[in-house]
Amino acid sequence: MGCDLRVAPSFILDAVLTLSTRNYGPVFEEQPVHTLFPEGSAEEKVTLACRARASPPATYRWKMNGTEIKMEPDSRYRLVAGDLVISNPVKAKDAGSYQCVASNSRGTVVSREASLRFGFLQEFSAEERDPVKITEGWGVMFACSPPPHYPGLSYRWLLNEFPNFIPADGRRFVSQTTGNLYIAKTEASDLGNYSCFATSHIDFITKSVFSKFSRLSLAAEDARQYAPSIKARFPADTYALAGQMVTLECFAFGNPVPRIKWRKLDGSQSSKWIGSEPLLQIQDVDFEDEGTYECEAENIKGRDTYQGRIIIQAQPEWLEVIADTEADIGSDLRWSCAAASWLPNGIRNRIEVSGGELRFSKLVLEDSGMYQCVAENKHGTVYASAELTVQALAPDFRLNPVKRLIPAARSGKVIIPCQPRAAPKATVLWTKGTELLINSSRVTITTDGTLILQNISKSDEGKYTCFAENFMGKANSTGILSVRDATKITLAPSSADINVGENLTLQCHASHDPTMDLTFTWSLDDFPIDFDKSEGHYRRASVKEAIGDLSIFNTQLKHSGRYTCTAQTVVDSASESATLTVRGPPGPPGGVVVRDISDTTVQLSWSRGFDNHSPIARYIVEARTLLSPKWKQMRTNPVNIEGNAETAQVVNLIPWMDYEFRVLASNILGVGEPSLPSSKIRTKEAGSGKAGSHHAWGQLVISLSPTLRDYQNGDGFGYILSFRKKGTHGWLTARVPHAESLHYVYRNESIGPYTPFEVKIKAYNRKGEGPESLTAIVYSAEEEPKVAPFRVMAKAVLSSEMDVSWEPVEQGDMTGVLLGYEIRYWKDGDKEEAADRVRTAGLVTSAHVTGLNPNTKYHVSVRAYNRAGTGPPSPSTNVTTTKPPPTRPPGNISWTFSGSTVSIKWDPVVAKADESAVTGYKMLYRQDSHSAPTLYLASKSRIDIPVPEDFTHAFVQIRVTGPGGDGIPAEVHILRNSVLPPPLPGHNTEHGGTSYPSVFRLRLSNWSLAPLCCSLKGTSDVSLSSPPSGNSPQTLSNLSV
């Protein structure tokens, strides 16, 4: 590996001390790559590239298999700039592993390893191939037995002569793994001579060879049908590198020719699958694709299956790399790197390597140089390079002098930094005039040399000097402290309660030092108010310097909060706050759920929304249908829904109608925004003049709607029914003597299921008979479905959900009206009698099932149903739900602003063994507490989001997503250009170059990732169709460290 590399860089102290452009060690711009050279090629040389940026320019050496190559004048090896050129390459001498070594006076770096291999393809054996004889209709396999070769080949087969190539048509298949030819079911047209045709592709050179012919003879016989038998199988264990394409082969003999189907037993089908029946190809595989795969061959005589695993591995890849570092002479340094080894310029007694960490004690100038961290596993090696510069500098105030004039407020506090450039760190002393300052109740000198004066008085005015010294030298810098009058709020704003649309003025007056300018600023909940972008709601009430009153016009709910008036000069400030409560109509109710569905009523429930500071008085329920798409107020029970209610019954609905419902809340200030619509439901069928599904065969049941007494017109009221089987001539009659009768039953064993009858009805009383109705068609009792759905497929969607689809039953096979399908599902090991059930309505042929257990195998069957009951089950299929999403939220969230973009990044979340893989992240972004959130999707652990120029803050939720669903969110509040509290302990974040912390935890209630809540936006690193492929959190799981 070259770990014994020792190059001691030379240093000139003057060069280290100079402020001009410094020299730097080599940094690779181009490294050698794996190279394949065809044997017998007309090319007479191989070039391995190497180029490094360095000052002074780098010199180059090369190693082969760890041994340095000597560049003799008559050698076949020569250097062209940094490239290695090998003339007349020979496999026996030149095949191997190569590395480039770049050096200058600052240090040495070693390139990644690159192999040089030689490609070849020999001729097939000259031996004759045995003829093959088989009964027509049976399957046959021809072995290719390819000659020695490197690298892999592509295969085709010739029939009788060139170029009559055999097509892959489902009946015939050529394995690209072995080259063998498979014919699932032989036919008379297959008679002939067969030859394997193998082709090698190396760069732009193509070479092909073909075998001796083998003759196929067929014995004519009545071919009987037989079940499939899988002959071409993929390995029991297939190992693949993340990012590559995996191909699995499966082909079966059988008559009829079998169909091939693929499934993943411990997960769902991926959108990356490319399939033609004998092949399953998975593009850009990652760890989520790992698992057991099943190939199923099926025809009308039976089925055969085969299973094997795909195991995903990965080359090492850096999640974080070492960076160039400057350190003071005499200091200690720790460099962390997930590495198997380090390559410094030379190992000394003060340097310790432990667990991937490089530790320096008491740095000296000779420690400067290039260092490399090396990580490797059996799939490859990666290098990360960085330069260490050890500095020795006398104190120098030219870049950071003490401020010349330091104004401060009486009774206030002043902080005076002392930050000379020095290495090692300088010792700092402070004086006022000729008086040496020491720590006291009013004076503090911090460990970094900063001077803090508190409770300042006029006597503190004067010259303050910082003296800095180290072993390289000494320096000082002086500033003058001037004490001014303190700023005070003389009239503070008062808290207020108002209604939406009203106006208000918050007062704020202040006194200040007359020699300084006074300015007023206002903030709402600690965020500055921008008067120019307030849409006319905010205005200053006075132009007088000492008056900072704020006028608010046409107040809205979003104007509620804590208002802070700040009066400030260049030396101090004073603030006072007041709370404004804006009352308005209620916010939208949430979570509208429909249950207890009948033909004319449903039960609604909802959750309370915000009352917006005025109690909710009542709720209103609205609905819409396909017939009436506009929202209309509905009748409810109770008629008036009180403000403390969270449920009500909706009445007077139309039977067998699709409805959506929403709820609105109101108070004394008006009606608020509506809730989101409920899921669409269908009311049940109403009773009518048709036979009920619960009646037995041999019966005709005619349901009646009783006539109100207002229309009976006399005593002795009843009905006369006339009915006959449709298509016959004679009418049967029956009297129903009671006005309250609800149905009439006619029994006759000859009546078949679902037989149509023509029915007429008329009323009578003692005065006579009324007019006869029009003829209606009524059906006898239905029969349960006799056929089952087929081709049932179940696909796990999330850890607790699956999609089920099927091919429908034919209406012609039904003796009744198909009402829908019933999906039954039960856990592996349970009995089907314990199955849970979900029913669909109408002719839909798919269903979404929820409430499943994660990482659990389920059996699924589907039945058709009508009024008479459910039919026979389909053949059951099985599905395994995915593992649940990771429970750990993204951590260490930080952000950086750049113009009109904010870059947000976080630590990648790595799934545990019992959790599903992380394929990306969802981020819910909200500008403020009143704006609608936006959903962003990111494939990696960072995202760039455009923000307006006046951006000050936003609320953000970040959570992992993957096959198991969405994980627990991490919630943060992003701030820019605002006065922040002191740093929180333990927070290590970025914030656009300031020293303030960027992460403040904030609980964001009423946020969700429901599809209706937000708009979807993509960014440059968004991936909606594939998981991350550059910095997968699992990449280092195979690292040998």
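**Exercise 1.** Which residues make the nonpolar surface patch of about 400 Å²?

*Solution.* The model is predicted: local features need pLDDT of at least 70, side-chain atom pairs count only at pLDDT 80 or more, and totals for chains, interfaces and linings use all residues. Residues are numbered from 1 along each chain as its sequence is written, and side-chain values use heavy atoms, with hydrogens and water left out.

Step 1. Patch members have over 30% relative accessible area and no salt bridge; like charges are joined within 9 Å, and nonpolar side chains (Val, Leu, Ile, Met, Phe, Trp, Tyr) within 5 Å. Areas follow the Shrake-Rupley method with a 1.4 Å probe, and for residues only the protein chains shown count as cover.

Step 2. The patch is made by Leu429, Leu436, Ile438 and Phe467.

Step 3. Leu436 belongs to strand 42 (residues 435–436). Strands (E, at least two residues) and helices (H or I, at least four) are DSSP runs, numbered from the N terminus.

**Exercise 2.** Determine where Glu660 and Arg624 lie and how each is classed by accessibility.

*Solution.* Step 1. A salt bridge joins the side chains of Glu660 and Arg624 at 3.0 Å, N to O. Strand 64 (residues 658–667) holds Glu660 and strand 59 (residues 618–625) holds Arg624, so the pair links distant parts of the chain, 36 residues apart. The term salt bridge requires a side-chain nitrogen of Lys or Arg within 4 Å of a carboxyl oxygen of Asp or Glu.

Step 2. Buried means under 20% relative accessible area, exposed over 50%, and partly exposed in between (1.4 Å probe, protein chains only). Glu660 counts as buried because its relative accessibility is 17%; Arg624, at 27%, counts as partly exposed.

Step 3. Another pair is Asp396 with Arg398, whose closest N and O atoms are 2.6 Å apart. Arg398 counts as exposed because its relative accessibility is 64%.

**Exercise 3.** Describe the salt bridge of Arg724 and the totals for the structure.

*Solution.* Step 1. The side chain of Arg724 meets that of Glu758 at 2.8 Å, N to O. Arg724 is in strand 68 (residues 718–725) and Glu758 in strand 71 (residues 756–765), so this bridge ties together parts 34 residues apart in sequence. Both Arg724 and Glu758 are buried.

Step 2. The structure holds 42 salt bridges.

Step 3. The chain has 2 helices and 90 strands, and 45% of its 1041 residues are buried.
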